[in-house]
Amino acid sequence: MSSIAVRVRGGDRNDRQRRKGAGLGLVAWLAGLVFFLPVAWMVLTSFHSEQDAATNPPSFGAALTLDGYREFFGTGGGASPWPALVNSAVASVASTLFVLLLALPAAYALSIRPVKKWTDVLFFFLSTKMLPVVAGLLPIYLFAKNAGMLDNIWLLVILYTSMNLPIAVWMMQSFLAEVPVAIIEAARVDGARLPTILVRVVAPIALPGIAATALICFIFSWNELLFARVLTGVVAETAPVFLTGFITSQGLFLAKVCAASLVISLPVLAAGFAAQDKLVQGLSLGAVK
């Protein structure tokens, strides 16, 4: 009788676990739909005319058209988005490369070869992200104006590098803490110097974490609007600033804005899809000690 009771209790426990798993799965699907529906609505609206896009409630069965994309790419006589897209690509890629070059040695010093009071140093890095961005806007604007760097894409590269460097050091410190010290000691015994150790030993092992850090820095740089809006004009205008140009005193051109938003989001989506395996490995690597 006791063995039967044990089996019954075990079966009840398994049933509860299955029901719990099914419930969590349902919640996950619902959360996914909540995040997906606005994106799907944006995609559908981008293929509608302005008249159909402005209807309330939305007209889901309206005729589809590419007018919004034609307007975005300037075929209807408007401004071309390509200079803004190129500026965003240059600022995002260049700043991400500079961040990685600076963050890797710093993270190495804070994890594998820890300096004194390294936790205080790490907290200082994080504390710089607590300052509201708008608080430093006026001093940076005055500096850029006096230095003759307004409407200069390399000013954005410097700003994005400094803005993303603290979070990059914090992330990579966690990733590099998982690198076996014995491998580094063996390379040092073989005569390898610090640059060689960083490039040929540490970087390949921590590649998932580096990829995750690079992707997050790229996304932050690509999506940044405030500094780009204030510090650029025509020459260094970025894609988010170009997007705001569709909101005019004449009204909001919803179909055109949705088409522009989708096109501008594609590089980030493509980068995330291409690096999704590295991103998952990197985030899980940093989370498991």
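Start where α4 packs with helix α9 (residues 194-205): the angle is about 95° and the axes are 11 Å apart. Because of that angle, α4 is roughly perpendicular to α9 (65 to 115 degrees counts as such). This is a predicted model, in which local features need pLDDT of at least 70 and side-chain atom pairs count only at pLDDT 80 or more, while totals for chains, interfaces and linings use all residues. Residues are numbered from 1 along each chain as its sequence is written, and side-chain values use heavy atoms, with hydrogens and water left out.

Who meets whom here? Leu104, Pro105 and Tyr108 of α4 make the contact with Leu194, Ile197, Leu198 and Val202 of α9 (contact means heavy atoms within 4.5 Å). These residues divide into 7 nonpolar, no polar and no charged.

Val86, Val90, Phe98, Leu101, Leu102 and Trp154 make a nonpolar patch of about 570 Å²; patch residues have over 30% relative accessible area and no salt bridge, and nonpolar side chains are joined within 5 Å. Helix α4 (residues 82-111) gives the most to this patch, with 5 residues, and Leu102 lies in α4.

Now move on to another pair. Helix α10 (residues 207-223) packs with helix α13 (residues 254-274) at an angle of about 175°, their axes 10 Å apart. That angle is why α10 is roughly antiparallel to α13, a label for angles over 145 degrees. From α10 come Leu215, Phe218, Ile219, Trp222 and Asn223, and from α13 Ile264, Pro267, Val268, Ala271 and Gly272. This contact holds 8 nonpolar, 2 polar and no charged residues, with Gly counted as polar.

How values were computed:
Axes fitted to C-alpha atoms, helices over the stretch in contact; angles between N-to-C directions. Helix = DSSP H or I, 4+ residues; strand = E, 2+ residues; numbered from the N terminus. Parallel < 35°, antiparallel > 145°, perpendicular 65-115°, else oblique. Patch = residues over 30% accessible without salt bridge, like charges linked within 9 Å, V, L, I, M, F, W, Y side chains within 5 Å. Areas by Shrake-Rupley, 256 points an atom, 1.4 Å probe, with all protein chains shown as cover. Salt bridge = Lys/Arg side-chain N within 4 Å of Asp/Glu carboxyl O.
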